[in-house]
Amino acid sequence: MPGPCAHWNDEDADFIREVLDLVGDKWSVLIIGTLADNPVRYSDLADAIPGISQRMLTLTLKHLQRTGLVTRTSYPEVPPRVEYALTELGTSLLSTVLALAAWSADNHAEIRRHQIAYDSADET
């Protein structure tokens with residue numbers, strides 16, 4: 001049965017999964033959304049994203065830099081200042097990420113109802 005994956009060869013499908021793993025990660029979505037308007041300092045990113053640990057913020061930012069979605073600019077000041085910003089590639093992903101986040105927020109209550117109903121039925 002043909003599906004959307006039938007359009008890609010195995011190499012493309014592997015790469016697509018790799019990219020989706022990165023950009024679909026909850027922390028990546030929140031970081032990209034937080035960087036939507038302008039460059040943000042590391043400490044301000046940490047404050048703006050509830051629940052993210054320093055380790056996860058650092059790792060996710062490195063992955064986003066490696067993929068070309070985010071830039072890191074270090075300013076030679078005392079104390080040192082580091083800012084992160086979306087690249088043109090990252091900005092091209094922004095509307096998709098914000099739409100996914102908005103869909104999640106809009107459907108939160110319904111999804112939660114389904115989860116509770118499923119979990120209750122699963123216990124019997």
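Okay, let's start in the middle: the largest nonpolar core has 22 residues, and Ile-31, Ile-32, Leu-35, Leu-45, Leu-69 and Val-70 touch the most other members. By nonpolar core I mean a set of buried Ala, Val, Leu, Ile, Met, Phe, Trp, Tyr and Cys residues joined through side-chain atoms within 4.5 Å. At least two residues of this core come from each of α1 (10-23), α2 (26-34), α4 (54-66), β3 (81-86) and α5 (88-106). The top contributor is α2, with four residues.

Some housekeeping. This is a predicted model, so local features need pLDDT of at least 70 and side-chain atom pairs count only at pLDDT 80 or more, while totals for chains, interfaces and linings use all residues. Numbering runs from 1 along each chain as its sequence is written, and side-chain values use heavy atoms, with hydrogens and water left out. Helices (H or I, at least four residues) and strands (E, at least two) are DSSP runs, numbered from the N terminus. Buried is under 20% relative accessible area, exposed is over 50%, and partly exposed is in between, with a 1.4 Å probe and protein chains only.

On to α2, then. Its buried residues are Trp-27, Ser-28, Val-29, Ile-31 and Ile-32, and they pack against α1, α4, β3 and α5. At the N-terminal end, Asp-25 caps α2, with a side-chain oxygen 2.9 Å from the backbone nitrogen of Trp-27.

How do α2 and α5 pack? The angle is about 115 degrees and the axes are 9 Å apart. Those axes are lines fitted to C-alpha atoms, for helices over the stretch in contact, and angles run from 0 to 180 degrees between N-to-C directions. The residues making the contact are Val-29, Ile-32 and Gly-33 on α2, with Leu-93, Leu-94, Val-97, Leu-98 and Ala-101 on α5; contact here is heavy atoms within 4.5 Å. By class that's seven nonpolar, one polar and no charged residues.

Let me zoom in on Val-29, which sits in helix α2. Why does Val-29 count as buried? Because its relative accessibility is 13%. Leaving out residues up to four places away in sequence, Val-29 touches Val-23, Gly-24, Val-97 and Ala-101.

Neighbours within four places aside, Val-70 is in contact with Leu-35, Leu-61, Leu-64, Gln-65, Tyr-84, Ala-85, Leu-86 and Thr-87. That last one, Thr-87, is in the loop between β3 and α5, and it counts as buried because its relative accessibility is 16%. The Thr-87 side chain reaches the backbone oxygen of Gly-68 at 2.5 Å.

Next, Arg-81 in strand β3. Its side chain has a 3.0 Å polar contact with the side chain of Glu-77, and another of 3.0 Å with that of Glu-83. A polar contact is a pair of N or O atoms within 3.5 Å; within protein, one must be able to donate a hydrogen and the other to accept it, and residues adjacent in sequence count only if both atoms are side-chain atoms.

Last one: Trp-8, in the segment before α1. Trp-8 is partly exposed, because its relative accessible area is 37%. Not counting residues up to four places away, Trp-8 touches Ala-13 and Ile-16.

Notes. Nonpolar A, V, L, I, M, F, W, Y, C, P; charged D, E, K, R; others polar.
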